[in-house]
Amino acid sequence: MRSNVNKLSCFKAYDVRGKVPDELNEDIAFNIGRAYAQIFKPKKIVIGYDVRLSSKNITDALEQGITKSGVDVVNIELCGAEQIYFAAFHLKMDGGIMVTASHNPSFYNGMKFVRERAVPISSDSGLADIEKAVIEKNFPASSSKGKIENININDDYKKHILSYIDTTSLKSFKVVSNAGNGCAGPIIDLLEKALPFNFIKLNNKPDGTFPSGVPNPLLAENRKSTESAVKKERANVGIAWDGDFDRCFFFDEKGTFIDGYYIVGLLAEHILKTNPGEKIIHDPRVVWNTIELVKKAGGVPIQSKAGHAFMKEKMRAEDAIYGGEMSAHHFFRKFSYCDSGMIPWLLVLEIMSVRDCSLSLLVEDRIKQYPSSGEINCHIKDTAVVTRNIIKKYREKAEKVDTIDGVSMEFELWRFNLRPSNTEPFIRLNVESKRDHKLMEEKTEEILEILQTM
């Protein structure tokens, strides 16, 4: 807990995330359950948890806090975050809570929250109120205790996920799948029977000790096993997920990691072919490729703050058909505007099948047109000061300055976004250029040198 008694360090901008047990523990989880019930007054909510060793105990405490408040609980047990979202809208729950720390190290845990119809809860829409109630612990007495029901939603979930593609159009690709010992493995096993693919499964069994490392494919060192397997097996594609599989990551037939930025453009273009005129939501980190493809396909690009809760809120506000972040979150209107790590890879393999084209050929021209640095994390103590200094240095030559999320500064042939992380003590840098890979590299190095002096 912070020295400031009015704050809990595990409460972030759009979820709960902290070290166990110092920042998040069973007592806090119990009170979060009570606070959620007090503030949103649900009758029945769905809960589930990821594979982390602390997740079951934290979920049990959360469940007790909810039921002590007189609220019924549907527990779908071990699952991915998107299965909570699916259960919330499919089963018409009054809300949902997923116990997960996603891609963080094994000694972390956390929670993601939604209301009815899987509407997200962020600091601006109730999460700050939950934090306040947890600190004050002034919970009303309940005359009755809520009931607990354990159910399996996999059959309905599988049917819904497969509805996004035409399975008869799929080719018999060889697919390397790396679940990272998170929660994706059982879902690959579930979907496999309905698909013509030959899966080569890596780290498929859920294991909260993460014997092959924390499931975070954004880290270059965590990509090597997928890359090697694609090459060794001569696979058509590689796919990897984070711990709660709300993000999926792609490797082409050469084992090359494909930045999520270019997958956003690919999916937006594909979806707009049969849905012209629809709105597409994107984050501010890298934008030029997405904006160009969306406009060419007859769509309307709309920018949102980065972060899954903010993206969902924007998706819903704009009634957008699809949204994507370069961090590999992909959002779908049909999925109650929520993010899924299963729908995107099915769509990409459908595109590859229909176009009879490798993943590398689908994206190589776009990578040449708009080369990007990828997200670079810098450990900075005072991100506000750093941001002000960067703005001061570059403002005079910038053609456009945007502060919707950190700061984005645009010039004739390059642009960058610098934003503080919502979940970790980092400031994140992304740089892109127009058809000039060397310029992108030079400007990336230039800004990194400045950051290292601050």
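Two strands count as paired here if DSSP finds at least two bridges between them. With that in hand, let's look at this predicted model. One topic is an open sheet built from 6 strands; the other is a run of hairpins formed by S18, S19 and S20.

**The open sheet**
- Reading across the sheet, the strands come in the order S1-S5-S4-S2-S3-S6, and their pairing is mixed.
- At the edges sit strand S1 (16-19) and strand S6 (148-150), each of which pairs on one side only.
- If you ignore direction, neighbouring strands in this sheet are turned by 20 degrees against each other on average.

**Inside the sheet: S2 and S3**
- Strand S2 covers residues 44-49 and strand S3 covers residues 72-78; the two run parallel and are joined by 5 bridges.

**The S18 and S19 hairpin**
- Strand S18 (residues 400-402) pairs with strand S19 (residues 407-410) in the antiparallel sense, over 3 bridges.
- Across this pairing, Asp402 stands opposite Ser408 in S19.
- The hairpin has 4 residues between its strands, and Gly406 takes a positive phi near 70 degrees there.

**On to S20**
- How many residues does the hairpin use to join S19 to S20? The link runs through 3 residues.
- S19 also pairs with strand S20 (residues 414-420), again in the antiparallel sense, with 4 bridges between S19 and S20.

Definitions and conventions: Residues numbered from 1 in each chain as written. Predicted model: local features only at pLDDT ≥ 70, side-chain atom pairs only at ≥ 80, totals over all residues. Heavy atoms only, no water. Axes fitted to C-alpha atoms, helices over the stretch in contact; angles between N-to-C directions.
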